[in-house]
Amino acid sequence: MRRHILYMLSVAQYASKKFTKKLLGESKIEAVLQRLDRLTQEEARMTVAQKTLGVVHGLVANVKTVIEGAP
């Protein structure tokens with residue numbers, strides 16, 4: 001009987017350690033995914049800003065050409 005109880009306790013300890021590791025691992029994965037999502041959003045904003053800057057640069061060049069007189 002005592003041997004059976006010790007066996008059950010060791011199984012319970014193993015299961016709880018495994019569950020804890022899995023839970024912590026999943027929270028780390030969740031944190032990594034959230035960071036990846038933030039970086040992806042930041043990259044998208046930077047791409048939009050870069051494209052917008054390119055368009056504005058082109059417009060300024062065109063206005064400058066019009067003001068100076070087209071050849």
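Is Glu68 buried or exposed, and what is the relative accessible area of Glu68? Glu68 is exposed, with a relative accessible area of 59% (buried means under 20%, exposed over 50% and partly exposed in between, with a 1.4 Å probe and protein chains only). The structure is a predicted model, in which local features need pLDDT of at least 70 and side-chain atom pairs count only at pLDDT 80 or more, whereas totals for chains, interfaces and linings use all residues. Residues are numbered from 1 along each chain as its sequence is written, and side-chain values use heavy atoms, with hydrogens and water left out.

The protein contains one helix and zero strands (DSSP runs numbered from the N terminus, helices being H or I of at least four residues and strands E of at least two). With a radius of gyration of 30 Å, well over the 11 Å that the globule rule gives for 71 residues, the protein is more spread out than a compact globule (the radius is taken over C-alpha atoms, and the rule is 2.2 Å times the number of residues to the power 0.38). Along the principal axes, the C-alpha atoms fill a box of roughly 100 × 10 × 5 Å.

Of the 71 residues, 0% count as buried. The protein exposes about 7,100 Å², of which carbon and sulfur atoms supply 67% (Shrake-Rupley method with a 1.4 Å probe; for residues, only the protein chains shown count as cover).

Helix α1 spans residues 2-68 and includes Glu30. Glu30 counts as partly exposed, at 42% relative accessibility. Between Glu30 and Gln50, which are 20 residues apart along the chain, the C-alpha separation is 30 Å. Glu68 also lies in helix α1; Glu68 and Met46 are 22 residues apart in sequence, and their C-alpha atoms are 33 Å apart in space.

Leu33 is likewise placed in helix α1 and counts as partly exposed, at 47% relative accessibility.
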